[in-house]
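Please take a look at the sequence and the model before reading on.

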Amino acid sequence: QATGGSTSVRAMWVPLRRAGAAARIMLIAAAAQQWRVDPASCRAQNAAVIHLPTGRRTPYGALVDIAARLPVPTDVLLKSPNEFELIGKPIKRLDSPIKVWGEARFGIDATVPGMLIATVVACPVPAGKLKDVDDSATKKIAGVRQIVRLDDAVAVVADHMWAATQGLAALDIDWDDGANAKLSTAEIVRRMAAASQKPGVVARKDGNVAEAMGRAATKIEAVYQMPYLAHATMEPMNCTIHVRPDGCDVWVCNQVVARAQAAAAKATGLPRERVQVRNYLLGGGFGRRLEVDYIAQAARIAKQVAAPVKVVWTREEDIRHDIVRPYYYDRLSAGLDEKGMPVAWHHRVTGSSVMARWYPAGFKNGLDPDAVDSAATDFPYAIPNMLVDYVRHEIPGIATGWWRGVGATHNVFMVESFIDELAASAKRDPVEYRRALIGELPNSAAGIAAAAEVPWGGLSPQPARLARVLDLAAEESGWDGKLPPGSGRGVSLQCAFGSYLSHVAQVNVSKDGEVRVERVVCAVDCGIAVNPDTIKAQISGGIIFGLTAALFSEITFENGRVQQSNFNDYRVLRIDEA
């Protein structure tokens with residue numbers, strides 16, 4: 001049970017259609033059996049089975065028990081697109097009203113009789129340990145019930161959050177910073193730069209890059225870096241848990257419920273079947289709740305508390321101990337012909353591997369396929385000689401994870417920025433340059449259908465679809481139109497997970513250097529749009545996330561410690577900027 005990786009709709013909508021079609025056949029068969037008529041004379045419509053000749057009608061609910069005992073059909077006929085009644089129409093989400101009215105239940109809203117509240121502080125240095133703590137002042141604070149020591153953290157358990165946070169602030173903690181005590185962003189970059197000098201595991205090799213580079217008229221090189229990024233979910237990490245000798249109950253919001261159960265079982269030493277997880281709505285996931293570190297920590301705390309306990313991280317704890325998006329240090333080089341078009345392309349991706357930690361089976365022969373997504377796979381341009389290699393480089397103690405999107409969230413930036421450098425070198429318009437690089441334009445309806453069946457990308461991008469989103473974005477943005485002084489436009493093109501997107505951003509730089517994004521136009525082709533309203537919301541959220549990362553966000557280290565702590569120094573795009 002998981003949601004993540006942009007796979008939920010793509011992976012499940014066809015199986016769910018098949019399940020619905022099978023259920024429809026079984027319900028019709030149940031009704032026909034009751035009425036002793038031919039199933040072909042019946043129709044399922046509006047939550048009931050109708051006998052067309054007589055108009056008799058039985059609601060689904062009255063047929064369920066009979067239908068459940070019938071054989072499940074293995075071969076079902078799905079509706080063709082021209083028969084769709086809901087698919088493709090903008091349908092409002094059923095959970096929006098309760099969220100607006102404040103009635104929705106998120107993990108942090110879980111309430112259990114007799115529950116206590118805890119908040120926690122972990123060693124500020126990655127992989128550091130707790131040496132000692134003086135809790136005498138904390139014990140004097142009204143409402144504080146208990147101080148729990150872990151090997152790398154301290155928690156204060158209290159009657160309410162205010163007492164817990166006050167108690168935490170009163171602790172006098174002595175940490176053993178360990179091997180990462182002197183870690184800094186400058187040192188991280190130095191290590192990454194050194195690692196990027198060595199050849200990596202080949203992710204893609206087309207033609208002969210060395211030979212083509214040698215005969216190129218012009219050679220261009222660039223280094224791009226992207227910082228660590230925190231998820232900063234609106235709902236901070238939290239987990240309510242009750243550990244008993246005979247079992248464990250967990251109330252949490254998480255993207256991987258089975259992993260949540262396994263983490264609690266491992267931390268408590270209980271058999272997995274003795275752990276029950278109740279999953280709530282997520283106040284922001286973005287990949288952060290694909291992790292279970294906060295659940296395991298809450299379980300270790302709750303083992304020492306003789307009551308249900310809700311463990312809530314403060315915002316500061318959340319940002320300083322996030323499982324961050326990897327730092328990437330990428331080297332790109334290209335050889336251009338006399339017309340300024342690339343004849344050779346080399347992209348070396350250097351960064352940690354999320355896949356190796358989170359899903360080791362997907363990390364094969366030293367290659368993280370996610371880390372090179374949209375660089376080696378789903379690459380939108382036709383370049384005859386290409387080499388993409390991957391250098392895995394881990395910074396000890398810093399756990400990295402997926403962030404809003406996956407590999408495409410960094411590689412599209414690297415690739416598209418470098419394409420702009422090539423277009424500038426060739427003195428060609430960025431849209432026109434990309435259009436020329438797309439290659440031949442076959443239009444394959446079969447390819448669109450095939451892509452819809454594959455939950456995790458990897459198909460060769462279709463040039464016609466790339467060209468259409470690029471042209472549409474350029475047209476709708478008024479690409480060739482006049483701009484006010486200090487403003488400019490930039491364009492990007494990408495294929496990821498079977499969807500094609502092009503963005504045009506209109507950006508103004510004031511005389512004092514302040515950057516402000518004035519407008520973003522995005523063209524999207526995702527094949528069959530199951531719910532256009534949800535897609536529009538997803539793209540809007542992605543644009544705001546992307547602008548936040550481009551303009552403000554970075555996690556930096558000094559003396560082993562994360563320097564950011566809250567929205568004052570880890571900014572997000574604000575309403576007046578959106």
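What follows covers the cysteines and then a charged patch.

This is a predicted model, so local features are described only where pLDDT is at least 70. Its disulfide count comes to zero, and its surface carries a patch of negative charge that includes Asp174.

**Cysteines**

- A disulfide needs two cysteine sulfur atoms within 2.5 Å, and by this rule the model has zero disulfides.
- Cys253 shows why: the closest cysteine sulfur, in Cys239, is 9.0 Å from the sulfur of Cys253, which is too far for a bond.
- Cys495 is in no disulfide either, as its nearest cysteine sulfur belongs to Cys526 and is 12 Å away.
- Cys253 has a relative accessibility of 0%, so this residue counts as buried.
- Cys495 is also buried, with 2% relative accessible area; the cut-off for buried is under 20%.

**Negative patch**

- Five aspartates gather here on the surface: Asp132, Asp134, Asp172, Asp174 and Asp176.
- Two elements each give two or more residues to this patch, namely strand S5 (129–134) and strand S8 (172–176).
- Which strand gives the most to the negative patch? That is S8, with three residues.
- Asp174 is located in strand S8.
- With a relative accessible area of 37%, Asp174 is partly exposed, because this value falls between the 20% and 50% cut-offs.

Methods. Residues are numbered from 1 along each chain as its sequence is written. This is a predicted model: local features need pLDDT of at least 70, side-chain atom pairs count only at pLDDT 80 or more; totals for chains, interfaces and linings use all residues. Side-chain values use heavy atoms; hydrogens and water are left out. Buried means under 20% relative accessible area, exposed over 50%, partly exposed in between (1.4 Å probe, protein chains only). Patches are made of residues with over 30% relative accessible area and no salt bridge: like charges are joined within 9 Å, nonpolar side chains (Val, Leu, Ile, Met, Phe, Trp, Tyr) within 5 Å. Accessible areas come from the Shrake-Rupley method with a 1.4 Å probe; for residues, only the protein chains shown count as cover. A salt bridge is a side-chain nitrogen of Lys or Arg within 4 Å of a carboxyl oxygen of Asp or Glu. Lys and Arg count as positive and Asp and Glu as negative; His and the chain ends are not counted. The place of a charge is taken as NZ of Lys, CZ of Arg, CG of Asp or CD of Glu. Helices (H or I, at least four residues) and strands (E, at least two) are DSSP runs, numbered from the N terminus.
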